[in-house]
Amino acid sequence: MSLTKITNIDALELEDGVQNAAFQEDEDRPHSEPAIVSFTGQEEVAYTQIKPYAGMPKEVLMLYSKQARYRVPREILFWLIIVCTLVLIGVTIAIVALSPRCLSWWQVSPVYQVYPRSFKDSNADGVGDLKGIKEKLSHFDYLNIKAIWISPFYKSPMRDFGYDVEDFRQIDPLFGTMQDFDDLLASMHDKGLKLIMDYIPNHTSDEHIWFQLSRNGTEPYKDYYIWVNCTEDKPPNNWVSVFGNSTWEYDETRKQCYFHQFLKEQPDLNFRNPLVIQEMTDIIHFWLQKGVDGFRMDAVKHMLEAKHLRNEPQVDPDQDPSTVDTEFELFHDYTYSQLGLHEILTNWRVEMDIYSREPGRHRFMVIESYDYEEIEKTMRYYGTSYATESDFPFNFYLLDLPDALSGNRAKELVDVWMKNMPEGKWPNWVVGNHDKPRIATSAGREYVRAINMMLLTLPGTPTTYYGEEIGMVNVNVSVIQDPFGKFNPNNSRDPQRTPMQWSDKINAGFSDNETGTWLDIAPDYDTVNVEAQQADSNSIISQYRTLSLLRGAELALSRGWFCYVRSDTNVFAYLREMDGKQNAFLVVLNFGEDTETDLLSVSELPDVLTVHLSTTPINQKTFSKSRIPTSKGQGLLLQYSTNKRFHSNHASECYVSEKACYFPALDILYKC
Amino acid sequence: MDGEKKKTATNNGSIKGVVEAKKQGQPKAAALQKNVGLLSSICLIVGTMIGSGIFISPKSVLEGTGAVGPSLCVWAACGVLATLGALCYAELGTMITKSGGEYPYLMEGFGPVLAYLYSWTTVIVLKPSSFAIIALSCAEYASTPFYPGCTPPQVITKCLAAACILIITVVNCLSVKLAYRVQNFFTAAKLLIIVIIVVSGIVLLAQGNTQNFKDSFTGASTSFGTIGLAFYNGLWAYDGWNQLNFITEELKNPYRNLPLAIIIGIPLVTVCYILVNIAYFTVMTPVELLQSPAVAVTFGDRVLYPLSWVVPLFVVFSTFGAANGSCFTAGRLTYVAGREGHMVRILSYISVKRYTPAPALMFNGILSIIYTIPADINTLINYFSFAQWVFYGLTCAALIVMRFTRKKLHRPVKIPIIIPVVVVIVSCYLVLAPIIDKPEIEYLYCTVFIVGGLLLYVPLIHFKFNWIRHITIMTEVPPLMNTPRCSPRGRLTRQGRLRQGHE
């Protein structure tokens, strides 16, 4: 406020309107002669002589407010505010309309498989249980994992360790009670964790009440299983079970053969019987109502069999039919992936969708089906354009990586999935589970870190089998527990099922039982355990955690483009980038011997790449793109910043599930 | 003394002036008009109290109490407490018929400094920030349905919240009538959704969904601290019971309508809240309720499918209505603070044509928009909520004080002295409990900020701004010269005269 501007009126204003003679006059006049007060010309003249001031009466104010220099800005400001409001609403609507679908919980987080027998024992009986899992939930927080798949814990006689279910609505006492389950589920949900249950539709235990009633011919259970007339020594056909020998078992009570694709204690349910489908659907409802977040559907390809019961063709036609007793000696044209299977699964999907309406409560469905070279059969579980099915079928192809470990092999196996997957679907990666040897053993310990890095930087959902985060290996157990292993010790699955190694205390911190655990603890537990590795910032678990956190934080890794850059006998290199984001990642994985990679020909890469994470300690902080050295089993996560996008020039080398671009100014994603 | 005389003279004239002006169809002095009836008063109370609280808070209350039974008891107790508080306010409101909520009562009871601190904290922080928060939660509810399973981008909620604030401010600036229509419409909307929830709850109860009410007291929490927290969260859903006192001057027949609106409005809300909670428990176990991010939406998803979208829609309506109510009263408070010279004078000016405290509303709106910008404003604002209870407590203490210092004041509603005593004790507890439970440095910052307002006391009152008159003309708001400042000497006379004017 400059002094020169102060006029008489200004001075008056400073003294407050109360003592302002002019104001008083104006104020008094209408009271004494109210009838005169109006906007007459005479008055206007009177007022025009007064400059505006604080405390002026209404008439003066109105006079000035009509002037263009007040009116115009007023109008402009008013309409500006209106326009501003409309623009804000418009921007919001535009952003909402342009936003791509957001990732669901099963896409955001890796899936962690817990084998409940071996995860954590809370009651010192040598076998893991549900309370034990609850005790260790902080482990998932640490790893930034939100989706937990727990292998079966239904009431079971444990012939196949839970995959032979006696009662789908009860918890096996070995693992705890239904109360324990409810507590576990509640505390998981409290921590924002999702629980995926194993669901075993193909068969039940022979001790299941349905089978007991079916066996003695009680209606309506009579046809719950597949019964065929036969004699004790002559099965109806040449079909063999997954665990070896004939799929047919003669039953003394019913004087008929029942069908079993796995153990003879696991009779197959008859899914041609609508009552069976109804019963199994009710079980899905039972658990969904309890709040379970998803199902891993076990062995679905075995659910239906051809009704004609013809012999299956032999792989080797010249083989003596009487010696055919293993799965791989027959083509399973009549027992695997039969017509009608997808209708059943689609109907279950519909049932699960009923429970998925609440936002953030999508009920997840993942299919287990090993189809080997018939990958199109696996891909069919993604559903079709007219019917949704599973969210994804497990991708088991990386399990073959150790067969001929090399950079080329890795690329080839990754590409098997990427090129066969229907467009717009979500990939996933599995390198181990309770049925397959641990990757650390089959590929070699030195490659574990690189494999974990690959798992967590590939597009899609990684699945981690318990222990992979610390590099657990197969253990030669002293007593075989696995029934499959009892049939043939080479097939024993015990080595990959040994107890989780938590610390260097008794039983690796898994159990307080002094007489041992159900399977032997790995001898290396004093060094390979969660506690010791958490203390070491270069350990496998620390690197897993870093990558898992990065995967959650970086859009390029969670939903960006995936492009092959290079593969040779030693190295598999790919990049992850996002339109609109300068920051991108180059992953260089060494699945062979020490080597140096030259990526000079990749013009989209900047010359200098910064090391974000190296699985082996290195001193260099940056690399020139023409010389990227990697040692045997090393994984390198390189970060770079550029505006050039690789995918726009190499469409055939790149994949993305759903295109999205980043708009940095507003920190939003939009469809593009 | 000459000035004093003139002031009261003009004051007297002002009210007559308004009345005469109305008769002549030619308004003379700009003042807020008396056009808020009983229905609108109840709507304002119900409309502001039922914000988003009842759709979210049940979770925190259950968390604190641990079981269904005590949780329902806490809801009822919160209702009783709000009623008690409101009764104190009814006495104060009918005794001192001035707009501005606690402000005039603190002024009468404790003098200008405390009143100034109240207006400072409320005008600068509490009111605009609560407006901002309600607008943000409105925006959040409006945008989440479009982002199933994840949180909407920040920019969307911020844009929508800003738009919401702008719309409400413009509506309130344009017309008091329009603002009331908006308020009444959205109050009707929120009552409708409450009715929908309650009715479907009763239907479910009739169908036998009573398993969650068996043994409803087992597992109840006995810790003093957690129950206090439950009360805090419950009372948050009841916040707004003092709204009517902000607009006393605009009430038609305040002596009848103010207490009546309180006695009808708050128990109505209490009953609604309890019934809604019962409805929630018919479809959700306590565990499920605790894990639901927004209880009402989960209820809708489970019960009202395929019409479950109505719940988020009506919650948006409800929060929008609450935002409108908050803006409405905030404008009045700022206006009164300006009038009493505790804020820049321009804030007390009233639009000539529209009879709305436009500058105050704009000031509040601008501050609110600023408060929506920072990312974690919610957490900081939460620390200020203890200040809210300090002032509730002080106001009721003022009531007690005035029973002794201002015995002669006419009290059309006189409540038993025990009621304010209870409210004072409870508010002491509510202020101290969270601080003792979790002492944090932020509380100190808040206190420093509040007391720091004193530094501006002198400049705010004595400094004049030249540019103000240009704004005055542009927005067509002449100063309200004919309503005097509430100076310690003048106030009683003014009260007396005001009453004479009515009688």
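Q: Where in chain B is B:Pro306 found?
A: In this predicted model, B:Pro306 lies in the loop between helix H13 (295-303) and helix H14 (310-339) of chain B.

Q: What makes the peptide bond from B:Tyr305 to B:Pro306 cis?
A: Its omega is near 5°. Most peptide bonds are trans.

Q: Which residues does a cis peptide bond join in chain A, and what is omega there?
A: The pair is A:Glu219 and A:Pro220, with omega about 0°. A:Pro220 sits in the loop between helix H11 (209-215) and strand S6 (227-228) of chain A.

Q: Why is A:Ala299 called buried?
A: Buried means under 20% relative accessible area. A:Ala299 has 5% relative accessibility, so A:Ala299 counts as buried. This residue is in the loop between strand S9 (294-297) and helix H13 (341-354) of chain A. Phi of A:Ala299 is near 45°, a positive value in a residue other than glycine.

Q: What is the phi of A:Asp667?
A: Phi is about 60°, positive although A:Asp667 is not a glycine. Most residues other than glycine have a negative phi. A:Asp667 is located in the loop between strand S23 (661-663) and strand S24 (668-670) of chain A.

Q: Why do strand S18 and strand S19 of chain A count as a pair?
A: Two strands pair if DSSP finds at least two bridges between them. S18 (608-614) and S19 (622-624) have three, so they pair, in the antiparallel sense. A:Val608 has A:Ser624 as its bridge partner in S19(A).

Q: How many bridges join S18(A) to strand S21 of chain A?
A: Four, and the strands run antiparallel. In S21(A), A:Leu638 stands opposite A:Val611.

Definitions and conventions. Residues are numbered from 1 along each chain as its sequence is written. Chains are lettered from A and ligands numbered from 1 in the order in which they are written. This is a predicted model: local features need pLDDT of at least 70, side-chain atom pairs count only at pLDDT 80 or more; totals for chains, interfaces and linings use all residues. Side-chain values use heavy atoms; hydrogens and water are left out. Helices (H or I, at least four residues) and strands (E, at least two) are DSSP runs, numbered from the N terminus. Buried means under 20% relative accessible area, exposed over 50%, partly exposed in between (1.4 Å probe, protein chains only).
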